[in-house]
Structures are given as structure tokens and as C-alpha cells.
Amino acid sequence: MAQEGDIVTAEAEAAAPGALVKRHRLSTRLWHWLNALCLYVLFASGLGIFNAHPRLYWGQYGANFDHAWLELNRFGALWTLPASYDLALSRRWHLSIALIFAFALLAYMLWSLVNRHIGRDIAFRRGELKPAHVWHDIREHARLRFPTAAAALRYNVLQKASYIGVIFVLLPVMIFTGLAMSPGMNAAWPWLIDLFGGRQSARSIHFIAAWLLVAFFVVHILMVLLAGPFNELRSMITGRYRLPRERKP
């Protein structure tokens, strides 16, 4: 997850280490920053909603006297949006931004299919899922030996797995479990509650998925810092990226 690229041109492949090359498309950069903003607001407002009843259950029902599999204290003002406890306002923030987030994700997925970003850059290639190949990438990341030169422009198997897991699993799960908790959607799509095993199960899965996204964010930021924050941020703001030089033996 140290480096992420979605443009690998012949010119970039041929560029010498240290050269400044085009790396991220405008659509990728816009979605990246919009997604970051949306996820912050959704997470903080979601914790504000959770504070109304900080207990989680499995199944269809859950109330004060039911057995909870997880019970927490209320999250403090530094975690929630708004900072003071206001369930109605937290819900307004959450539901308003959720619409933007869901449609932005759908647009990005469709556009990635059109410009072949998914098939060209994200799909696993032959041999990439072999245990030896996967283990090699794990060892390289553990030793903080990130790709250099033109290799830094291509996703490795860990990046692809993370990208697929977040974009095509975690984010859709967040959206559909959120819909499963909506009374209006329950009337329109009653099968959605059954899909997740009940309203309270959907709430629990929603909570777990949210914290998995936080874990991904923490690891992502750590890898960006280790790989070179200035170069990584420049590539996600301007689209230009300086190819890392070869490591000295």
C-alpha cells in the first residue's frame, strides 16, 4: 500500500529513476480527496449516532435489556460530529454525506470500467497469487523495501488485494448495511434485512466495517509517510510523481 498508481505509459516506463512522470488521473485524484472527506464526516457523525445507544447485538432486535455482544462507553467530543451530543444533527450529517459518498463510489467504479483502470491496473495477473509471489511481497513490505524506478508505478499484489477489498467489499458493505437500517428501505427492499441476518446484525456489521476502514486508513498513512510523504502527496494533488531511485546494495 505504499505507492498507488493508475497511469503506466510507455514514456513513464522508459523514464530514468528520479524523473517526474504522470501518475494519477484527475478522476482518481478528485475521488480520493472527496472520499477522504466523506469518510471522515460519515465516521464522526456515525459515532455521534452510535452514542445514542452504545451497544451492539446480533439478530433482528436489540434494546436495553437484551444481551449485547459489545457494550462501550460513549465516544468523546474529539471523535464525534457534532462535538456535543446531538442525535438529530449527527443523523443529518450522516445521511446527507452518505448520498454523496454512495454516488461518488458508483461513478468512480463505472468510470474505472470505462477507462480500463480496473482491468489494467487492479485485476490480478497470472502468477501474482502464487504463494511464493505473495510471500515475497509481504517480506518486501515488512522490510520497508518499496519498489523503485518504473516498478513503483505498478500495483503489487498487496496493493491490489487492499484496493479490491476496500473498494469492492468494505465500502459496498458499509452502504448496504446502512440501507438495511433505514425503515424506508426496509419497506422497499425487505430482503435486505434478511441478507444481513436482521437489523441489529446489519448495525453490528456496519460498525465493524467502519473500524476496518479506519485500520486501512492508519496503515495507508503510515505507508505514505515511510515511502516519502512529499512525493506521494504531490502525485495525489498534481498527478506528477518522481520515480524513486534504485536502492544502494
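User: Is W211 buried, exposed or partly exposed?

Analyst: Buried means under 20% relative accessible area, exposed over 50%, and partly exposed in between (1.4 Å probe, protein chains only). W211 has a relative accessible area of 27%, so W211 is partly exposed. This is a predicted model: local features need pLDDT of at least 70 and side-chain atom pairs count only at pLDDT 80 or more, while totals for chains, interfaces and linings use all residues. Residues are numbered from 1 along each chain as its sequence is written, and side-chain values use heavy atoms, with hydrogens and water left out.

User: How many aromatic pairs are there?

Analyst: A pair of aromatic rings is described by the distance of the centres and the angle of the planes. Rings of Phe, Tyr and Trp (its six-membered ring) pair if their centres lie within 6.5 Å; planes under 30 degrees apart count as stacked, over 60 as edge-to-face and the rest as tilted. By this rule there are eleven aromatic pairs. One of them is F43 with W211: the ring centres are 5.0 Å apart and the planes lie at 85 degrees, so this pair is edge-to-face. The pair links distant parts of the chain, since F43 is in helix α2, W211 is in helix α9, and 168 residues separate them. Helices (H or I, at least four residues) and strands (E, at least two) are DSSP runs, numbered from the N terminus.

User: How are the rings of W58 and W69 arranged?

Analyst: Their centres are 5.6 Å apart and their planes are at 15 degrees, so W58 and W69 are stacked. Both residues lie in the loop between β2 (55-56) and β3 (70-71), eleven residues apart. W58 is partly exposed at 48% relative accessibility, and W69 is partly exposed at 35%.

User: Which residues form one aromatic cluster?

Analyst: The cluster is made up of F43, F50, F75, W79, F207 and W211.

User: Which residues of the largest nonpolar core touch the most other members?

Analyst: A nonpolar core is a set of buried Ala, Val, Leu, Ile, Met, Phe, Trp, Tyr and Cys residues joined through side-chain atoms within 4.5 Å. In the largest one, with 24 residues, W31, L105, Y163, V166, I167, L171 and L213 touch the most other members. At least two residues of this core come from each of α2 (26-50), α3 (87-114), α4 (117-122), α6 (157-180) and α9 (199-227).

User: Is L153 buried or exposed?

Analyst: L153 has a relative accessible area of 0%, so L153 is buried. L153 lies in the loop between α5 (131-142) and α6.
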